[in-house]
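Hi,

Here is the structure I promised to send over. Have a look at it first, and then read my notes below.

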Amino acid sequence: MSPLATLLSAIATGTIRIVDLTHTLDEDFPTIVLPPEMAQSAPMRIERLSHYDAAGPAWYWNNISIGEHTGTHLDAPAHWFTGRDRPRGTVDTLPTEDMIAPACVIDCTQAAAREDDHLLTRTALEAWEAHHGRIPERSWVLMRTDWGRRRGAAFANLRTDGAHTPGPNADAIRWLVEARGILGFGTETIGTDAGQAGHFDPPYPAHHYLHGAGRYGLQCLTNLHELPPTGSVLLTAPLKIRAGSGSPLRVLALIPTRDDSQRKPT
Ligand code: MN
């Protein structure tokens, strides 16, 4: 069989399962909140045009408006000043080959349950590698915190001094980019950086190092508990917004449901 026929057969028979890592986009989904002197990202707006009624007797449709960084979304290199001059750094130009890539899932749920400001460290990543093998080049690294199960105010987790959400520390993300050559870093929270990362050195190190190297961010992922630590493949095609800095997108994971090497010959 051709590779594509094999893939389709595996999906049809359930040997490969598709997991949706995307939140439903609605007007209530929280957006990042910046200090009040800064411009703010807009939440989703849905305007009903017609619903089989006088405005359109046979059809239903809406106008939508949305920030590029609302809901489950991708950050392109041009989102950050360190990536502003990267070639193909906006969502309309980024290489399509980068939209299909393997994923490594780092389970940080216990630590994040204990501490909202939990930081993923290089030591923790090295411990993960000792169990699961070296993080491959051009792979996604996903920080699983089960934050995607939270709703509303608990999701944004704002206090008077800003958001309190987990993320990588500067050393960890720099090591992933420079020593492992990852394609991108994904989180279940509103940003790829921790809520308090404006105080880090450099500020917002995930944005700083990822985008400076032409790599990507994924945020507001959900259902990461359904992924194995290794062996899944992500499909991450953003909207083709001209010169867009990022885009909401549907993130799908292909995961193996059983080990083919264990199957008996038929
Ligand atoms: Mn973003």
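How many aromatic pairs does a search of the whole structure find? It finds five. Keep in mind as you read that this is a predicted model.

Let's start with one pair. Two aromatic rings are described by how far apart their centres are and by the angle of their planes. For Trp80 and Phe81, the ring centres are 6.5 Å apart and the planes are at 45 degrees, so this pair is tilted.

Phe81 has a relative accessible area of 55% and is exposed. Trp80 and Phe81 also belong to one aromatic cluster with Tyr204.

Another ring to look at is that of Trp147: Arg150 lies over its face, at 3.5 Å from the ring centre.

Now for the helices. A packed pair is described by the angle and the distance between the two axes. Helix 5 covers residues 170–178 and helix 6 covers residues 205–212. Their axes come within 9 Å and cross at roughly 10 degrees. Angles under 35 degrees count as roughly parallel, and helix 5 and helix 6 are therefore roughly parallel to each other. The crossing of helix 5 past helix 6 is right-handed. On the helix 5 side, the contact is made by Ala170, Ile173, Arg174, Val177 and Glu178. Helix 6 contributes Pro205, Ala206, Tyr209 and Leu210.

Cheers

Key:
Residues are numbered from 1 along each chain as its sequence is written. This is a predicted model: local features need pLDDT of at least 70, side-chain atom pairs count only at pLDDT 80 or more; totals for chains, interfaces and linings use all residues. Side-chain values use heavy atoms; hydrogens and water are left out. Rings of Phe, Tyr and Trp (its six-membered ring) pair if their centres lie within 6.5 Å; planes under 30 degrees apart count as stacked, over 60 as edge-to-face and the rest as tilted. Buried means under 20% relative accessible area, exposed over 50%, partly exposed in between (1.4 Å probe, protein chains only). A charge sits over a ring if NZ of Lys or CZ of Arg is within 6 Å of the ring centre and within 35 degrees of the ring normal. Axes are lines fitted to C-alpha atoms, for helices over the stretch in contact, and angles run from 0 to 180 degrees between N-to-C directions. Helices (H or I, at least four residues) and strands (E, at least two) are DSSP runs, numbered from the N terminus. Angles under 35 degrees count as roughly parallel, over 145 as roughly antiparallel, 65 to 115 as roughly perpendicular and the rest as oblique. A crossing is left-handed if the near helix is turned anticlockwise from the far one by less than a right angle, and right-handed if clockwise. Contact means heavy atoms within 4.5 Å.
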